[in-house]
Amino acid sequence: MIEHALLRLASDLIAIDSRSALPNRAIADHIEAELAGFEVERLDYTDKAGVAKRALVAHRGPPGGHALSGHMDTVPATGWTTDAWAPRFADGVLHGLGSVDMKGQVAAAILAARAMPADVPVTLLITTDEETTKEGALAIAASDAARRLGLKGIFVVEPTGMIPVRGHRSQIEFTAVATGVQAHSSTGQGVNANWALLPFLMEMREIHARLRSDPALQDAAYDPPFSDFNLVIDNHGTAVNVTVAKATARIKFRRSRNVDWMPVVRAVREAAERAGIALTERAEGTPPELPADHPLVRLAEREAGRPARTAPYGTDASELQALAPCVVLGPGTIDTAHTPHECVRLADLAAAVPVFQRVLATGA
């Protein structure tokens, strides 16, 4: 019975295109419709691209207790050769964009919350823009609706294989922009912005190598111990016979709580200054990391039956920790997330529901 309800709800959510670049009213409305009997606070905002977004704080019962949190948005459908928004169920596995990251988990959290007794405090924190800016989590963390609940703890139900994650990295995103002059490349009248960007990129390559070789910049409590320093380059659609007027390099730097990351930040800033290019930075909150003996970690370990660990990726816990301590715990794995063959086992989603219920019950 629970698997049938999970398959229906998760499939419904997958079928709604909620990529981070799009308005998310449709999926927010669908989720709200599933929460009869809950007080739902709609947190509307406009993202930096001018797109209308909505996050949800849903609560039932007395104040306090624990919250389950998940996000509505997905990454782009890069590489998909089938319809990414046509959920397909075969051999016990649900396929589709967002199936494991994390519409299946949101469906499991909703079913767990709805099944709790009325006298148990139950909260759902449903965010958006998790895949980009964490603005949905920021809106919730700053909201009176969430703050007045007096939450004891938050379980972010991202896919962890139901292994509690007590800490993870958070990111700084650098955006470096070089400017040129657009012209037909044959005329000699243009200035190609890539030539200004290249010296900066060479220094970024050195930082990338240092992160993987310098123990002072690594954290042995994480696997891998070195930080992510991922580079994406954009010439904004320029044709090959046109000099590039704008060249953009974006770098995602994931940092650990216990590492002094300022030398990396300074090195990036100084390289941009030497190259004469514009640099902007956007940083998430401090990397969330609870001590191994924290009561919320112990609770997660007891109910999941697995020892807690750390993880190299990031979640909304970077921002939601401003409300209450956070542990990441959810079904499925990230092995197929952000790929054109994203999927999750329905049995894994179903097995998580009673665990979520036990976690919620301890908040009474």
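Visitor: In what order do the three strands of the open sheet lie, and is the pairing parallel or antiparallel?

Guide: Please bear in mind that this is a predicted model. As a general idea, strands of a sheet pair through backbone hydrogen bonds, either parallel or antiparallel. In this case the open sheet has three strands in the order 4-5-15, with antiparallel pairing. Strand 4 (88-90) and strand 15 (343-345) are the edge strands, each of which pairs on one side only. From one strand to the next, the twist averages 20 degrees.

Visitor: How many bridges join strand 4 to strand 5, and which residue is the bridge partner of R88?

Guide: Strand 4 and strand 5 run antiparallel and are joined by three bridges. The partner of R88 is H95, in strand 5.

Visitor: Which strands of the sheet does helix 1 touch, and which does helix 3 touch?

Guide: Helix 1 packs on the sheet against strand 4 and strand 5, and its direction makes about 15 degrees with that of strand 5. Helix 3 also packs on the sheet, where it touches strand 5 and strand 15; the angle between its direction and that of strand 15 is about 45 degrees.

Visitor: Why does S11 count as buried?

Guide: S11 has a relative accessibility of 15%, and therefore counts as buried, the limit being under 20%. A polar atom of the S11 side chain lies 2.6 Å from the backbone oxygen of L7. Beyond its neighbours within four places in sequence, S11 is in contact with L6, P87 and L94. The C-alpha atoms of S11 and A86 are 8.2 Å apart, although 75 residues separate the two along the chain.

Visitor: Which residues of strand 7 point one way, and which the other way?

Guide: In a regular strand the side chains alternate between the two faces of the sheet. In strand 7 (residues 153-156), G153 and F155 point one way, I154 and V156 point the other way, and all are buried. Strand 7 pairs with strand 3 (residues 66-71) in the parallel sense over four bridges, and three bridges join strand 7 to strand 14 (residues 326-328), again in parallel. F155 stands opposite L68 on the one hand and V327 of strand 14 on the other.

Visitor: Which residues touch the most other members of the largest nonpolar core?

Guide: In soluble globular proteins, nonpolar side chains tend to be buried together. Here the largest nonpolar core has 53 residues, and L6, I31, L68, L124, F155 and F356 touch the most other members. Helix 3 gives the most to this core, with ten residues. Another core, of 25 residues, lies apart from it and includes L201, L211, A247 and I277.

Visitor: What does F356 touch, not counting residues up to four places away in sequence?

Guide: Among the residues that F356 touches are L68, A108, A109, A112, V157 and M162.

Technical notes:
Residues numbered from 1 in each chain as written. Predicted model: local features only at pLDDT ≥ 70, side-chain atom pairs only at ≥ 80, totals over all residues. Heavy atoms only, no water. Buried < 20%, exposed > 50% of the residue type's maximum accessible area, 1.4 Å probe, protein only. Contact = heavy atoms within 4.5 Å. Polar contact = N/O pair within 3.5 Å; in protein donor to acceptor, adjacent residues only side chain to side chain. Pairing = 2+ DSSP bridges. Helix = DSSP H or I, 4+ residues; strand = E, 2+ residues; numbered from the N terminus. Axes fitted to C-alpha atoms, helices over the stretch in contact; angles between N-to-C directions. Core = buried A, V, L, I, M, F, W, Y, C linked by side-chain atoms within 4.5 Å.
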